[in-house]
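Here are my notes on this model, as numbered points. Please read them with the structure open.

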Amino acid sequence: MKSDVFHFPPDLFELLVQAIPVLNKSKKSVLLFFKGAGVDESIYDDISVKLRTDKESINKFEMARAILERINEDSDKYLRERRELIKRVTEFESFSQCWESDQYKAKGLVADVQKIVNVKDSFTRMKQERENEQKKKSQSHKKKVDALLQKQSERESIKKDLSGLFSSENPHKRGILLENVLNGFFKTYDILVRENFQRTGSEGEGILEQIDGIIELDHQIYLAEMKWKKDPIGSNDIYAHLGRIYHRSNAHGIFISASGYSPSGIEAAKEALQKNALLILFDLEELYVTMDRESDFNQYIRDKVKAAIIDKNPFKKFT
């Protein structure tokens, strides 16, 4: 079935119909022009026969139009020939070979073809650039969506693991699992710097210090302590964690408790604020609700920090 798609746009097609005949003095040279561009002789056999049998029955413009129509329709079969014809016309410089009366016309037509080709090439390049940019944006968007879905999946898994801890009857194992779960939680928000680690003495003193995790938010380091005890966290546990903070310049602290805080524990954190030591208190419910609501945990920390500094309340909840 014959295709209606023409590969030379109408304006360029008509210019070529006008240009090729004036660039060639004779009808025979018009055929040679097409042959030189790689157009197979079988495409214009009938025209060659006309020239041999009845030369006056067809003129150069009719010849050019007929051949251009034949190589310009259907598929991409003659794409190379079309490109070569454009190249030969736009690079034509031997205007002295044209009839003297056609030389100015030939120059004008070649210039017009060059102009259209340059414009269309520019549009093609711009279109390709736009398509490439859209493709990059699409790929970038897909990566972001995939990363978001991955994080959501990880948080769902963490939430499931966290829920499972409540059925654990081994306090020691439960405490270790809590550290792993919450450090995984921090990781999904891209704020985890280091998981739990121990600092040992250089003289064989054994373990001098243990920190459950370290996070960084807004270029500020927070030492994280996580406890799952039977009773609410009191001042002793708070002071122990504050000791780690005091020994590191510009460090702040986060305490996460599965059993809440006693009044003495909260008061210890408030007293620390007076000594320029920032310790914000979380309970496990806050983190669980953050995951359940798919809230921005980073912003939640910022809000807690503001409440501690401005309101002198290290245990303000926003759930």
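1. Salt bridges, overall. The count comes to 18 salt bridges, a salt bridge being a side-chain nitrogen of Lys or Arg within 4 Å of a carboxyl oxygen of Asp or Glu. Side chains of opposite charge can pair when their charged atoms come close.

2. Basis. This is a predicted model, in which local features need pLDDT of at least 70 and side-chain atom pairs count only at pLDDT 80 or more, while totals for chains, interfaces and linings use all residues. Residues are numbered from 1 along each chain as its sequence is written, and side-chain values use heavy atoms, with hydrogens and water left out.

3. E41 and K35. These two form a salt bridge, and their closest N and O atoms are 3.1 Å apart. Are the partners buried or exposed? E41 is partly exposed, with a relative accessible area of 41%. K35 is also partly exposed, at 43%. The classes are: buried under 20% relative accessible area, exposed over 50%, partly exposed in between (1.4 Å probe, protein chains only).

4. E225 and R244. Their side chains meet in a salt bridge at 3.7 Å, N to O. The pair links distant parts of the chain, with E225 in strand β3 and R244 in helix α8, 19 residues apart. Both E225 and R244 are buried. Helices (H or I, at least four residues) and strands (E, at least two) are DSSP runs, numbered from the N terminus.

5. K304 and E286. Here the closest N and O atoms of the salt bridge are 3.0 Å apart. K304 lies in helix α11 (residues 297-310) and E286 in helix α10 (residues 284-293), so the pair ties together parts that are 18 residues apart in sequence. K304 and E286 are both buried. Separately, E156, K159 and D292 are linked in a network of salt bridges.

6. The β3/β4 region. Strand β3 (residues 220-227) is mostly covered, with 6 of its 8 residues buried. β3 pairs with strand β4 (residues 252-257) in the parallel sense, over 6 bridges. Two strands pair if DSSP finds at least two bridges between them. E225, from point 4, has F255 in β4 as its bridge partner. With helix α8 (residues 235-246), β3 and β4 make a right-handed β-α-β unit. Right-handed means that, with the strands pointing away from the viewer, the path from the first strand over the helix to the second runs clockwise.

7. H252. This residue is found in strand β4. H252 is buried, with a relative accessible area of 18%. What does H252 touch beyond its neighbours within four places in sequence? Its contacts (heavy atoms within 4.5 Å) are Q220, I221, Y222, L223, I245 and L278.

8. F186. Helix α7 (residues 171-188) holds F186. F186 is buried, with a relative accessible area of 0%. Leaving out residues up to four places away in sequence, F186 touches I191, L192, I215, A224, M226, I256 and F297. F297 is 111 residues away along the chain, yet the two C-alpha atoms are separated by 8.7 Å.

9. Nonpolar cores. A nonpolar core is a set of buried Ala, Val, Leu, Ile, Met, Phe, Trp, Tyr and Cys residues joined through side-chain atoms within 4.5 Å. In the largest one, of 40 residues, F34 and L68 touch the most other members. Helices α1 (10-23), α2 (27-36), α3 (45-53), α4 (60-72), α5 (79-90) and α6 (103-165) each supply at least two residues of this core. α1 gives the most, with 9 residues. Beyond four places in sequence, F34 is in contact with I20, V39, Y44, A64, I67, L68 and L85. Apart from this core lies another, of 31 residues, among them L217, I280, L284 and L287.

10. Whole chain. The protein chain has 11 helices and 5 strands. Buried residues make up 42% of its 319 residues. Of the contacts with a separation of 6 or more, 66% come from residues 24 or more positions apart.

11. Confidence. pLDDT is the predictor's confidence in each residue, from 0 to 100. The chain averages 85, and 90% of the residues score at least 70. Among the elements, strand β1 (residues 192-200) has the lowest mean pLDDT (64) and α2 the highest (95). Over residues 1-6 pLDDT stays under 50, and the model has 8 contacts for them beyond four places in sequence. Where pLDDT is low, the predicted coordinates should not be read in detail.
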